[in-house]
Amino acid sequence: MESDYAIIGGGVVGLSVAWGLLKRGRSVTVIDGDDGSFRASRGNFGLVWVQSKGMNQPRYAQWSQQSVKAWRAFSDELRGNTGYDVGLEQNGGYDFHFSEETLAETVRKYETLKAKLNGDYPYEILGHNELRREEPEIGPKVIGAILHHQDGHANPLKLLKALADDVRRLGGRILNDKTVKSVSRTGSFKLECSDGTTVEAAKTVLSAGLGATELGPNMGFKAPIRPQRGQVLITEKLPRIMNRPSLIARQVEEGGVQIGATNEEVGFDDTVTLEGLAGLAETAIETYPVLGKAQLVRSWGALRVLSPDGLPIYQKSTEMPGAYLVTCHSGITLAAAHARFIPEWLEETPDAPDLEVFNEDRFAIA
Ligand SMILES: Cc1cc2nc3c(=O)[nH]c(=O)nc-3n(C[C@H](O)[C@H](O)[C@H](O)COP(=O)(O)OP(=O)(O)OC[C@H]3O[C@@H](n4cnc5c(N)ncnc54)[C@H](O)[C@@H]3O)c2cc1C
C-alpha cells in the first residue's frame, strides 16, 4: 500500500510533521530505527525556548516565536485527543548571570535583535533583589537575570508519547525497529529497510536526526549535521524551589530538578563523565544553593543534532523531487511549528511559511 508520505525517523521532529500531515488528511507511514540509534528526543532538556535564539538570524528567532505561540493550542489538542498532559508551562524563563559584564553584553545583543523583530522580544532585566523576590532560593553569586516572557518548558517524553499515540489514532502507521537503508525513486519512492521491509510513498521526509548524515547524500542533501553531547542530571523529588526554568535548571512537574546540559564536541559518544556532571552540579548549586543537599537519582548523555550554524535545515531535494530534509537543533521548541506549519510547506499551500533562509544553500561545502 502506497502512502502519501513516508517519514524516516520517529523522533519528535518526524512525529510532529507526521501528525500535521495526518490532520491535513494525508496518509503517512513513519519508519523509526532501533533502540541502538541515537535519539535526542528521549534525552533532552524540555525547554520551549526563545531567548538567545537567532542572534545572527532574526528569522530563526521569529520562527521559534511562531512555534511557542502555537504551542498552547498544540498541547491542548494533544491532551484532548490522547489524555496526555505534556506539562506545558509558559510563564517565562531565565538567563542567569554571574557578572555585570556578561549581563550587559547579552542585553546589548537582545536590543539589537529586538529592533530587528520590530520590538517583539518581551524581556526584562532583574537585578539580584528583584530576582530574589521571584526566586527566593537564588544564590548570592547570581547578580541578576534576563527574564524572557516567551520562554517555558514541557515534558518531552510525554510529548513524544502523545504524538505517537495521536499519529496512530489519526490512522498513521508507525513501523518501529526498522532502519531505512536505501531510498530510490522511480515514479514513487521506495524505501528499503535492513530487515527487508519495503515502504512505498509518493513523497518522503527525511527527519532521522543524526541518521540523516548517512541517508541524506543519497537523496540529494548535504545534511551537514553533527552530534554534540549534552549531559543531564536529575535530582530526587523536591518541594517547589523554582518558579521558572532556565538554561541551568528546571523543576519538572513531579518535583525533580533537571540540571543541564553540557555542550561537548565528542563525536558519536553519548556516555556521561564525572567531570561533565560535576561541572553541571557546581553551576546549579551556585545558582540554587539548596540543591547542595539534594540527592541525584539519574544522569544521562544524549547527542544534539546540530547544523554548522545551529539553525534548522528545511530543504527540498532537487535530485529527488518529492524528498524533503527536516532537521533542527530545538525540536521540542519547534514541535508546534513542525506540526502546524511544515505540512503547509510540504504541501506548497498559499499558507506555506517562508523557509528560504533555512535551506542548505547557506552551507558552501557539504
Ligand atoms: C542534551 C540535550 C538537550 C536538549 N534540550 C533541548 C531543549 O531544551 N529544547 C529543545 O527544543 N530541544 C532540545 N534539544 C534538542 C532536541 O532534543 C532535538 O532537536 C530533537 O529531539 C531532534 O529530534 P529528531 O526527531 O530530529 O531526532 P531524534 O530524536 O534523534 O530521532 C531521530 C530518529 O530517527 C531514527 N532513525 C535514524 N536513522 C534512521 C534510519 N536510517 N531509518 C529509520 N529511522 C532512523 C532514530 O531511530 C531516531 O528515533 C536537546 C537535545 C539534547 C541532546
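**Domains**

I started with the spacing of two domains: the C-alpha centres of domain 1 and domain 2 are 35 Å apart. This is a predicted model, so I keep that in mind throughout. Next I looked up how the protein chain is divided. Domain 1 takes in 2-50 + 157-224 + 309-362, domain 2 is 93-149, and domain 3 is 226-306.

**Where the ligand sits**

Why do I place the ligand between domain 1 and domain 3? Both of these domains give residues to the shell around the ligand, so it lies between them.

**Who is around it**

I found 35 residues around the ligand, and Asp32, Ser37, Ser41, His329 and Gly331 come nearest. Sorting the shell by type, I got 15 nonpolar residues, 16 polar ones and four charged ones.

I then checked backbone atoms against the oxygen atoms of the ligand. Leu47 has a backbone N or O atom 2.9 Å from a ligand oxygen. For Val12, a backbone N or O atom lies 3.3 Å from an oxygen atom of the ligand. Cys328 also has a polar backbone atom 3.3 Å from a ligand oxygen.

**Cover**

How much of the ligand's accessible area does the protein cover? On its own the ligand has 1000 Å² of accessible area, and the protein covers 95% of that.

**Helices and strands in the shell**

Which elements give two or more residues to the shell? I noted helix H1 (12-23) and strand S15 (296-306). S15 has the largest share, with three residues.

Terms used: Residues are numbered from 1 along each chain as its sequence is written. This is a predicted model: local features need pLDDT of at least 70, side-chain atom pairs count only at pLDDT 80 or more; totals for chains, interfaces and linings use all residues. Side-chain values use heavy atoms; hydrogens and water are left out. A residue is near a molecule or strand if one of its heavy atoms lies within 4 Å of it. A polar contact is a pair of N or O atoms within 3.5 Å; within protein, one must be able to donate a hydrogen and the other to accept it, and residues adjacent in sequence count only if both atoms are side-chain atoms. Accessible areas come from the Shrake-Rupley method with a 1.4 Å probe; for residues, only the protein chains shown count as cover. Helices (H or I, at least four residues) and strands (E, at least two) are DSSP runs, numbered from the N terminus. Ala, Val, Leu, Ile, Met, Phe, Trp, Tyr, Cys and Pro count as nonpolar, Asp, Glu, Lys and Arg as charged, and the others, Gly among them, as polar. Domain bounds come from an automatic or database domain assignment.
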